[in-house]
Amino acid sequence: MDDALIAGLRAALPGATVWGPDELASRDPGADARNFAAAALVRPPDADAVAALVRWCGARGIALVPQGGRTGLTGASATEAGQVICDLGALRGTEIDAAARVAVVGAGVTLAALQEECAAVGLDPGIDLAARGSCTIGGMISTNAGGAMAFRNGTMRHRVLGLEVVLPDGRTLHDLTRVLKTSAGYDLKHLFIGAEGTLGIVTRAALRLEALPVASATALVGVPDAASAQRVVGRFLVSRDGSLRAAEILWRRFAEFMRRALGFDAGLLPIDAPCVLVLEVAAGDDAAARAALEEGLAEIWEEAGIIDGVVAASDEQARRIWRLREETELIERMHKLPPSFDVSVPGGILDAYVARIEAELTALDPRYGPYVFGHLADGNLHITVPVDGPVSHAAHEAIEDVLYAGLVAAGGSFSAEHGVGLEKRDAWERHADPVKQDLSRAIKRLLDPEGFLNPGKIIRGDTAPRTQDH
Ligand SMILES: Cc1cc2nc3c(=O)[nH]c(=O)nc-3n(C[C@H](O)[C@H](O)[C@H](O)COP(=O)(O)OP(=O)(O)OC[C@H]3O[C@@H](n4cnc5c(N)ncnc54)[C@H](O)[C@@H]3O)c2cc1C
């Protein structure tokens, strides 16, 4: 059956790369082992070929799963036997209008490649994440990625000015607006941002750009709690001298784990505090950036109750500090598939939230003392329970009950920036507003009545694709 499918795909899409199961089995599937469980991968050379592939699969009821850099963390690009992957990696090409600070970008361009092209003209995409070398603009749009600068520049939703999207019926929605202001009826592009490839395939996007900072400096600051860290951040948000680019927080258990895992000397970085804060400030030159950090910290030191702090004296030291926050894959080297979560917590309840989950998780199981870290300035916490997974369904549900209790009612979210995919579907069904769920199912049925585009992601597969001969 796979041979007939692959022959059919090759005949229908002569310009596309097509791999079968053998080629898939010999390659790296990325962040999720299920990414390459499909019968075939097709890499269309351009947007027209994407539309042709969508029509071909749609006409045959063959499930089609869009994939970009395969760095997604919720199983949103996972595949099953018999399905076809639409790999967007060949949709490259970036056009930058430096005066307007806009880039029109192919969906398959990686964030790092876009950052490099923008930097050449003194600009920056205004969004950054540790997966930058692999994650693609199409994938970031489809998960509404956030990252370290979201408090300042918004999430991907706020970076997108316009989109080109192939719909499940094979038509292309051309909405490549390059301007910020457009009040011309329903702003349909937002339907596809964060839709995880279930409503259409993004082929190109117009993105806002920011000025590239000339220089930056990094500090590591030990504080007693998140409230203290927020006071420090508040000082830098109103700074006249430097502009705050990142404010990442690590609770002690995670900071200590990372320091040990990276082999850093305990005396080298002052992280013996209940929380540590990684701050990055940009300014006109290195000395000005460092001075802005040093002066700002000195000014707020007593008021915020800072325990200790160091401003990186070199790029090497700054890199070390960032490794503490970013090399989170070290957790997976210690624990196989540990249960991991990504929540948004309103700023005013951060300390109470962390204290509650700490107490309730360790009451469930003493090994569940969580690693907690994240993007302080927007309240996005990443939480990993340091045990081997997958844990039983009941244990997973019990952990989720602790983490999500009261969160939506308080104005937070059970999924901050990683999406729903397969992993958060139960949470979506249990915690998302029922009317939102009804509307979401209706929109899915309207755009994809056969349910063949990335089936079962976000919404459980009540519109399973039919199967047919090729
Ligand atoms: C080390 C690491 C750090 C990370 N840090 C962050 C972080 O700080 N902030 C954050 O928000 N996320 C983070 N992530 C996860 C994040 O979701 C992804 O990095 C990124 O947004 C996904 O892009 P991708 O190209 O890899 O998409 P994929 O993983 O390939 O796909 C993700 C989803 O998008 C869909 N999709 C992909 N391309 C398209 C397209 N062109 N059209 C329609 N649908 C498409 C897929 O079907 C799937 O549903 C991190 C991941 C890793 C591994």
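## Shell around the ligand

By class, the shell around the ligand in this predicted model holds 15 nonpolar, 17 polar and four charged residues. In total, 36 residues surround the ligand. The closest of these are Gly68, Gly72, Gly138, Gly139 and Gly197.

H5 supplies the largest share, which is four residues.

## Backbone details

Arginine 70 sits in the loop between E3 and strand E4 (84-87). Its phi is near 55°, a positive value in a residue other than glycine.

A cis peptide bond is found between glycine 389 and proline 390, with omega at about -10°. Proline 390 belongs to the loop that runs between strand E18 (380-384) and helix H15 (393-404).

## Domains

The domain assignment of the protein chain lists domain 1 (94-211), domain 2 (215-326) and domain 3 (335-420). Between domain 1 and domain 3, the C-alpha centres are 29 Å apart. Their contact draws 10 residues from domain 1 and nine residues from domain 3. On the side of domain 1 that touches domain 3, the classes are four nonpolar, five polar and one charged residues.

## Packing of H9 and H11

Two packed helices are described by the angle between their axes and the distance between the axes. For helix H9 (residues 226-237) and helix H11 (residues 286-304), the angle is about 145° and the axes are 10 Å apart. The crossing in which H9 passes H11 is right-handed.

On the H9 side, the contact is made by Ser228, Arg231, Val232, Arg235 and Phe236. On the H11 side, the contributing residues are Gly296, Glu299, Ile300, Glu303 and Ala304. Sorted by class, the contact of H9 with H11 contains four nonpolar, two polar and four charged residues. Arg231 and Arg235 of H9, together with Glu299 and Glu303 of H11, are the charged residues in this contact.

## Confidence

The average pLDDT of the protein chain is 94, and 97% of the residues score at least 70. Over residues 463-470, by contrast, the pLDDT is below 50. Beyond near neighbours in sequence, this stretch has 20 contacts in the model.

Notes: Residues are numbered from 1 along each chain as its sequence is written. This is a predicted model: local features need pLDDT of at least 70, side-chain atom pairs count only at pLDDT 80 or more; totals for chains, interfaces and linings use all residues. Axes are lines fitted to C-alpha atoms, for helices over the stretch in contact, and angles run from 0 to 180 degrees between N-to-C directions. Helices (H or I, at least four residues) and strands (E, at least two) are DSSP runs, numbered from the N terminus. A crossing is left-handed if the near helix is turned anticlockwise from the far one by less than a right angle, and right-handed if clockwise. Two residues are in contact if their C-beta atoms, placed from the backbone, lie within 7 Å. Domain bounds come from an automatic or database domain assignment. A residue is near a molecule or strand if its C-beta atom, placed from the backbone, lies within 6 Å of it. pLDDT is the predictor's confidence in each residue, from 0 to 100.
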